[in-house]
Amino acid sequence: MANARPLDVICVGRAAVDLYGEQIGGRLEDMQSFARYLGGSPANTAVGAARLGLKPAMLTRVGDEHNGRFVRETLESEGVDVSHVQTDPQRLTALVFLGIRDRDTFPLLFYRERCADMAISAADIDAPFIASAQALLISGTHLSQPGPAEACRVAMALARSAGTRIVLDIDYRPVLWGLTAPGLGEQRYVPSMAVSERLQTVIGQCDLVVGTEEEIRIAGGCDDTLTSLKRLRALTGALLVMKRGPMGCVVFEGAIPDDIEQGLHGPGFPVEVFNVLGAGDAFMAGFLRGWLRDEPLARCCTYANASGALVVSRHGCAPAMPSWTELQHFLACGSRSLRLREDAALERLHRATTRTRHWKQLAVLAFDHRSQLESLADRHHADRERIAQFKALVAAGAHRGAEFAGLGGHDAPRPGVIVDERHGDAVLPRMTGIGWWVARPVETAGSRPLAFDAGPQLALHLRSWPAEQVAKCLLSHHPDDPEPLRQAQFEQLRRLQEACIGTGHEWLLELIPPPAATHHPGTLARALEQVLQAGLAPDWWKLPPPQSQDEWQRLEAVLHRHDPHCRGVLLLGQDADEDVLVHGFRLAATHAVCKGFAVGRSIFGAAAAGWFAGEWSDDEVLVDVARRYAGLVDHWRRAHHPIAATAAQELTS
């Protein structure tokens with residue numbers, strides 16, 4: 001049935017920061033480092049729903065601090081509507097510490113004393129907003145305290161009036177009801193008639209109730225699962241879904257049979273359990289993907305169980321949620337390994353289809369040059385320390401040129417830079433966290449075979465980078481290179497790829513055949529194919545501009561065949577004249593795989609020569625870099641939209 005409402009589901013309740021211990025098999029006391037993720041059951045479900053193609057929203061509160069902004073920005077980047085995520089000026093965002101001790105033990109510490117999401121109140125509930133969704137998802141945890149419980153009841157009443165379906169995730173955590181010591185967050189079940197009675201006050205209003213066997217027992221108020229199911233049926237006509245871990249789930253539409261196995265059984269998927277935390281939230285997202293689109297219940301169960309299976313195989317909750325593309329692949333192809341996190345193809349698909357930064361087109365100013373500028377400084381007897389000053393001027397010119405060119409506006413390319421840390425360490429922080437695409441080099445300049453500046457500590461080095469920064473690697477490679485050289489270089493690329501996957505960074509491969517090597521129309525395509533066939537899959541490519549449509553078609557065919565989820569190609573400049581660059585832009589205009597350019601010396605080369613020679617002032621460098629950068633953006637736009645007016649026209653005339 002077609003949905004005329006703008007939202008599929010509004011998730012109400014917990015939104016927190018998860019701090020996951022990175023050392024597997026140890027006590028939480030012994031963790032040395034933690035990975036930070038979005039957390040909280042409803043927030044995880046919202047992310048899972050968005051990745052599966054639904055339109056979710058979050059109704060909660062976060063603190064007016066760094067973690068609150070992290071939660072909001074993460075939700076928004078995942079495609080979750082955050083218009084009703086309120087900022088609470090008096091409370092902090094909740095924190096959770098989690099660990100993976102073994103397959104059965106997952107220590108959990110909640111820091112939720114007076115946390116922001118428990119401050120939601122009836123005043124936060126907006127009737128038109130509730131009516132804009134097909135469904136309202138309530139978390140049982142938010143019934144544990146009077147204020148949020150009242151907010152949930154108001155939301156449910158408005159949902160009932162608007163014809164919005166009501167979903168209850170029982171989400172029972174005894175510690176959050178004050179039934180255990182604060183340090184026993186992992187304890188899943190403590191009988192409590194007070195909790196049972198509280199849950200039963202809302203179950204009659206629900207259309208769907210989902211819980212584990214323990215959660216069904218607490219909701220039904222009995223330690224016998226079948227008896228609890230029958231008690232719940234006496235209270236509600238809702239669809240009851242009982243999660244059973246590796247055994248899948250059982251669904252009850254009508255009367256509860258005398259044997260649980262007589263319910264609709266959704267079989268589980270045989271996978272090795274790595275981390276159960278978050279699996280239930282993935283289950284809910286998967287079930288909603290089918291249920292909200294009125295698909296058969298058996299299919300809803302399949303989506304739910306498969307989503308849960310994928311998440312139990314990974315580290316983290318929200319980041320482990322599968323995409324719709326990934327889920328469909330898993331259902332169609334399965335996996336050759338029960339340890340899904342070791343299935344390279346599946347993990348590659350997960351990584352490629354859950355990216356949260358989206359770049360339609362890029363206009364990148366590349367000034368990561370090290371040896372070239374060092375030689376230039378030496379030639380003019382200038383102190384190499386001045387290179388950092390020059391790069392600061394280039395960065396300022398990039399900002400001014402981006403402003404003149406209107407970069408980042410509607411249908412305009414997004415601005416970006418490639419800059420090194422050796423001479424640009426003062427520039428990098430100013431370019432990061434402002435919406436620009438940022439990359440930095442990892443290769444030792446001029447190395448062939450490939451070497452890295454960080455040497456054997458590459459992965460450790462990348463851990464110190466902000467997550468948004470892309471690792472750029474220049475590879476001098478020709479498809480007819482000797483086999484030992486090719487294998488040595490590809491092995492280095494494998495190190496880089498593994499390091500980027502392990503640290504959550506994207507990587508860009510700048511592939512340039514050696515200047516002295518023979519070049520044919522198919523050379524570049526053959527070089528790319530060799531890289532991809534070796535199991536290497538860069539997120540981005542930076543390539544010399546193909547010189548014909550035939551060469552472009554060969555490149556596209558290779559990428560579509562081996563890596564259809566690649567981010568795309570950026571055209572490099574190699575100090576080319578403007579007319580050469582423009583010709584390359586025009587040839588690229590009809591090829592969707594080309595996402596923009598990453599040009600350096602063609603923009604700043606003249607300024608560098610003049611400035612290091614003492615002939616140009618700082619202002620002249622800044623103005624010239626801005627003019628050339630904006631002018632190149634203008635040429636890119638004209639190649640793609642020949643009749644469009646350009647913001648840079650006045651500057652470049």
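# Pocket, sheets and local geometry

Mentor: In this predicted model, the second largest pocket holds about 1,200 Å³ of space.

Trainee: Which residues lie closest to the centre of the second largest pocket?

Mentor: The lining of this pocket is made up of 45 residues. Those closest to its centre are Arg 188, Thr 212, Val 276, Ala 279 and Gly 280.

Trainee: Which element gives the largest share of the lining of the second largest pocket?

Mentor: Elements that give two or more residues to the lining are H1 (41-51), E6 (94-98), E7 (108-111), H6 (213-220), H8 (279-291) and H9 (297-312). By class, the lining has 18 nonpolar, twelve polar and 15 charged residues. The largest share, five residues, comes from helix H9.

Trainee: Which strands stand at the edges of the sheet of nine strands?

Mentor: The order in this open sheet is E5-E4-E1-E8-E9-E10-E11-E12-E13, and the pairing is mixed. From one strand to the next, the twist averages 20 degrees. An edge strand has a single partner strand, so one side of it is left without a neighbour in the sheet; this holds for E5 (81-88) and E13 (264-266).

Trainee: In E13, which residue stands opposite Val 251?

Mentor: Strand E12 covers residues 249-252 and is joined to E13 by three bridges, the two strands running antiparallel. Opposite Val 251 stands Leu 264.

Trainee: What angle does the direction of helix H4 make with that of E8?

Mentor: H4 (residues 146-162) packs on the sheet. The strands it touches are E1 (7-12), E8 (133-139) and E9 (165-169). Its direction and that of E8 make an angle of about 155 degrees.

Trainee: And what angle does the direction of H6 make with that of E10?

Mentor: Helix H6 also gives residues to the pocket lining. On the sheet, H6 touches E10 (208-212) and E11 (239-243). The angle between the directions of H6 and E10 is about 120 degrees.

Trainee: Which strands are at the edges of the sheet of four strands?

Mentor: This open sheet has mixed pairing and the order E3-E2-E6-E7. Its twist averages 20 degrees from one strand to the next. Each edge strand pairs on one side only, and these strands are E3 and E7.

Trainee: In E3, which residue is the bridge partner of Val 17?

Mentor: Six bridges pair E2 and E3 in the antiparallel sense. Helix H2 (residues 66-77) lies across E2, E3 and E6, at about 65 degrees to E3. The bridge partner of Val 17 is Leu 38.

Trainee: How many residues apart in sequence are the parts tied together by the pair of Tyr 20 and Tyr 37?

Mentor: The pair is one of 14 aromatic pairs. Its centres are 5.6 Å apart and its planes make 55 degrees, which counts as tilted. Tyr 20 lies in E2 (residues 16-21) and Tyr 37 in E3 (residues 34-39), so the parts tied together are 17 residues apart.

Trainee: Where is the residue Asp 294, which has a positive phi?

Mentor: Most residues other than glycine have a negative phi. Asp 294 is not a glycine, yet its phi is positive, about 55 degrees. Its place is the loop between H8 and H9.

Trainee: Is the peptide bond from Arg 448 to Pro 449 cis or trans?

Mentor: Most peptide bonds are trans. Pro 449 is in the loop between strand E16 (437-441) and helix H16 (458-462). With omega near 15 degrees, the bond from Arg 448 to Pro 449 is cis.

Key:
Residues numbered from 1 in each chain as written. Predicted model: local features only at pLDDT ≥ 70, side-chain atom pairs only at ≥ 80, totals over all residues. Heavy atoms only, no water. 1 Å grid on protein atoms, 1.4 Å probe; cavity = no way out; pocket = protein on both sides within 12 Å on 5 of 7 lines; lining within 4 Å. Points joined across faces, edges and corners; volume = space filled by probe spheres on them. Nonpolar A, V, L, I, M, F, W, Y, C, P; charged D, E, K, R; others polar. Pairing = 2+ DSSP bridges. Axes fitted to C-alpha atoms, helices over the stretch in contact; angles between N-to-C directions. Contact = heavy atoms within 4.5 Å. Phe/Tyr/Trp six-rings, centres within 6.5 Å; stacked < 30°, edge-to-face > 60°.
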